[in-house]
Amino acid sequence: MIVTKEYMKTRCLALLKERGVEIADITQIVYDLQKKYIPTLSMDICEEAVDRVLSKREVHNAILTGVELDMLAEQGKLSEPLQSLIDEDNPLFGIDEILVLSICNLYGSIGLTNFGYVDKTKPGIIGRLDTLGKTTGHCHTFMDDIIGAVAAAAASSVAHNNAL
Ligand code: MG
């Protein structure tokens, strides 16, 4: 099959929605990350930045891979010991954070520091996904990092666009 960029983006946006993530959730994190540096910042500027990030093929590849692994773990379809490592969100697994580095690095090193920050503080939808993963049968081992990385890269893009 011919996989166009447009097809990839449409599929990734649908996957995010299916897995309980709205673009507005990501936009809110970007706004909160950048508002103290840019007094004139608007939600529209942040939403445009999220859309820029979600238009990149590196991002599509990470979303398709991570979400697929989350869904397979949720259905108990992976082989052991990978099944348990992902389903339990084992803190020593670490491949979820590594997978999304390609997203963090899209707009320079601010993306990486922002990612570390949201990974620790778990704002908004990231915290909600983390709790859902622990309290229900859902698995969001990769999704929380995907969202954190998309928000971090979008915040970085906003910062670069605002620089003089
Ligand atoms: Mg994770």
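This is a predicted model: local features need pLDDT of at least 70, side-chain atom pairs count only at pLDDT 80 or more; totals for chains, interfaces and linings use all residues.

**Entry 1: Asp 145.** I started with Asp 145, which I found in helix α10. Is Asp 145 buried or exposed? I got a relative accessible area of 1% for Asp 145, and since anything under 20% counts as buried, Asp 145 is buried. Setting aside residues up to four places away in sequence, I listed what Asp 145 touches: Asp 96, Glu 97, Val 100, Phe 115 and Asp 119. I also checked Leu 101, which is 44 residues from Asp 145 in sequence, and the two C-alpha atoms are 9.4 Å apart.

**Entry 2: the magnesium ion.** Which protein atoms are donors to the magnesium ion? I noted OD of Asp 96, O of Thr 141, OD of Asp 144 and OD of Asp 145, at 2.1 to 2.6 Å from the ion. Along the chain, these donors follow the spacing D-x44-T-x2-D-D. I looked up Thr 141 as well: its relative accessible area is 2%, so I put it down as buried.

**Entry 3: Met 143.** Next I went to Met 143, also a residue of helix α10. Met 143 has 0% relative accessibility, so it counts as buried. Who are its contacts, leaving aside neighbours within four places in sequence? My list for Met 143 reads Leu 16, Arg 19, Val 21, Val 67, Asp 70 and Leu 129. I then checked Met 143 against Asp 96: they are 47 residues apart along the chain, with 8.4 Å between their C-alpha atoms.

**Entry 4: α9 and α10.** How do these two helices pack? Helix α9 covers residues 125–135 and helix α10 covers 143–162; I noted an angle of about 175 degrees and axes 9 Å apart. An angle over 145 degrees counts as roughly antiparallel, so that is how I describe α9 relative to α10. On the α9 side the contact has Ile 125, Ile 126, Leu 129 and Asp 130, and these meet Met 143, Asp 144, Ile 147 and Gly 148 of α10. I sorted the residues of this contact into 5 nonpolar, 1 polar and 2 charged.

**Entry 5: α2.** Last, I looked at helix α2, residues 23–34, which has 12 residues. From first C-alpha to last, α2 reaches 17 Å, close to the 16 Å expected. Its buried residues are Asp 25, Ile 26, Thr 27, Ile 29, Val 30, Leu 33 and Gln 34. What do they pack against? I wrote down α1 (5–18), α3 (43–53), α8 (110–121), α9 and α10.

How values were computed:
Residues are numbered from 1 along each chain as its sequence is written. Side-chain values use heavy atoms; hydrogens and water are left out. Donors are N, O and S atoms within 2.8 Å of the metal (3.2 Å for Na, K and Ca); water is not among the atoms, so sites may look incomplete. Buried means under 20% relative accessible area, exposed over 50%, partly exposed in between (1.4 Å probe, protein chains only). Axes are lines fitted to C-alpha atoms, for helices over the stretch in contact, and angles run from 0 to 180 degrees between N-to-C directions. Helices (H or I, at least four residues) and strands (E, at least two) are DSSP runs, numbered from the N terminus. Angles under 35 degrees count as roughly parallel, over 145 as roughly antiparallel, 65 to 115 as roughly perpendicular and the rest as oblique. Contact means heavy atoms within 4.5 Å. Ala, Val, Leu, Ile, Met, Phe, Trp, Tyr, Cys and Pro count as nonpolar, Asp, Glu, Lys and Arg as charged, and the others, Gly among them, as polar. The expected span of a helix is 1.5 Å times one less than its number of residues.
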